[in-house]
Amino acid sequence: MNMDGKTVLITGSTDGVGRYVAAKLAVAGAKVLIHGRDTSRARALEEEIERAQGRAPIFYQADLSSLAETTTLAHAIRAECKQLDVLVSNAGIGSMNGGPARQISRDGHELRFAVNYLAGFVLTHHLLPQLKAAAPSRIVNVASLGQHALDFDDVMITKNYSGSRAYAQSKLAQIMFTIDLAAELEGSGVTVNALHPATYMNTTMVRAGGIAPISTVEQGGEAILHLVSGDDVAGKSGLFFNGLSEAKANPQAYDAAARQRLRELSLDLTGLPPA
Ligand SMILES: NC(=O)c1ccc[n+]([C@@H]2O[C@H](COP(=O)([O-])OP(=O)(O)OC[C@H]3O[C@@H](n4cnc5c(N)ncnc54)[C@H](OP(=O)(O)O)[C@@H]3O)[C@@H](O)[C@H]2O)c1
């Protein structure tokens with residue numbers, strides 16, 4: 001896909017791999033909508049893109065640990081953009097951001113499930129009309145190889161909490177959502193795929209976990225860009241990629257009953273109507 005003139009939203013683009021992807025897409029001529037929480041990091045990226053492209057990106061500030069802020073973000077984007085060619089759901093927190101203890105979102109949900117999965121679920125649903133209006137268009141969910149099956153009796157992990165389990169559960173939820181949404185969007189011209197960008201890139205979340213990086217942001221960024229604009233993935237949907245290659249996710253991702261339970265739970269937690 002030629003990105004010149006295309007409108008692309010990248011959540012979590014004030015830092016890490018999202019920032020890399022936003023800058024690359026701007027240079028390719030896309031109208032880039034950037035998002036994050038931190039205004040000073042956003043300003044630095046705005047200036048960098050304006051220098052390179054001659055046009056500043058649009059910055060949307062929202063804390064995705066709040067369903068209300070996520071919904072307000074979606075409404076703001078809908079008000080300004082009639083069409084959205086690509087949504088990259090990238091914002092996320094790692095297993096150790098904020099320490100090893102269990103944390104909750106503003107709505108009382110386990111924090112990683114809320115930020116890494118539920119917020120993307122809500123944002124995507126609100127932006128589907130703009131994505132459909134731009135078809136052929138794409139949704140890219142930045143997940144991970146770190147995946148843990150959801151225990152539907154304790155999705156909020158009130159027992160035996162660990163940050164890595166919480167992170168991995170949220171990442172599998174993103175992949176389950178991807179497969180489900182692909183079926184819902186069949187024939188609409190909107191595709192949706194998920195990926196593991198690269199292992200332990202040198203980013204804030206990896207450093208917060210005290211892990212020595214083994215991949216570069218460029219490696220993960222190029223894998224995301226492949227799903228954003230690669231001609232070889234045009235029309236492909238409902239797939240999980242490890243870097244540039246199609247891969248298998250955790251078996252729970254292919255369990256239709258588990259996906260239905262997740263969908264029902266997500267609609268219940270977010271108050272969104274069924275499709
Ligand atoms: N790093 C890796 O090796 C790796 C491996 C596999 C998958 N991933 C996935 O890649 C994606 C990007 O990760 P990264 O490594 O680039 O992380 P990062 O450098 O820590 O960046 C995370 C981004 O998400 C935003 N964010 C975090 N919490 C948020 C919240 N509550 N509300 C709104 N925005 C929030 C951050 O915004 P602020 O600037 O406001 O903090 C930042 O822009 C994540 O989904 C991650 O799970 C990363």
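Which backbone atom lies 3.3 Å from an oxygen atom of the ligand? That would be a backbone N or O atom of Gly92, and it counts as a polar contact, meaning a pair of N or O atoms within 3.5 Å; within protein, one must be able to donate a hydrogen and the other to accept it, and residues adjacent in sequence count only if both atoms are side-chain atoms.

Quick housekeeping. This is a predicted model, so local features need pLDDT of at least 70 and side-chain atom pairs count only at pLDDT 80 or more, while totals for chains, interfaces and linings use all residues. Residues are numbered from 1 along each chain as its sequence is written, and side-chain values use heavy atoms, with hydrogens and water left out.

As for the shell, 34 residues surround the ligand, each with a heavy atom within 4 Å of it. The closest are Thr14, Leu64, Tyr167, Met201 and Thr203. By type, the shell splits into 15 nonpolar, 13 polar and 6 charged; here Ala, Val, Leu, Ile, Met, Phe, Trp, Tyr, Cys and Pro are nonpolar, Asp, Glu, Lys and Arg are charged, and the others, Gly among them, are polar.

Which helix gives the most to that shell? It's α6, with 3 residues. Helices α1 (16–27), α5 (163–184) and α6 (204–208) each supply at least two. Helices here are DSSP runs of H or I, at least four residues, and strands are runs of E, at least two, numbered from the N terminus.

Now, away from the ligand, some rings. We count 4 aromatic pairs, with ring centres of Phe, Tyr and Trp (its six-membered ring) within 6.5 Å; planes under 30 degrees apart are stacked, over 60 edge-to-face, the rest tilted. Take Tyr117 and Phe121: their centres are 5.9 Å apart and their planes at 45°, so this pair is tilted. Both sit in helix α4 (residues 111–133), 4 residues apart, about one turn.

Last, two backbone spots to look at on screen. The peptide bond from Ala135 to Pro136 is cis, with omega near 5°, and Pro136 lies in the loop between α4 and β5 (137–142). Then there's Ile157, in the loop between β5 and α5: its phi is near 50°, a positive value in a residue other than glycine.
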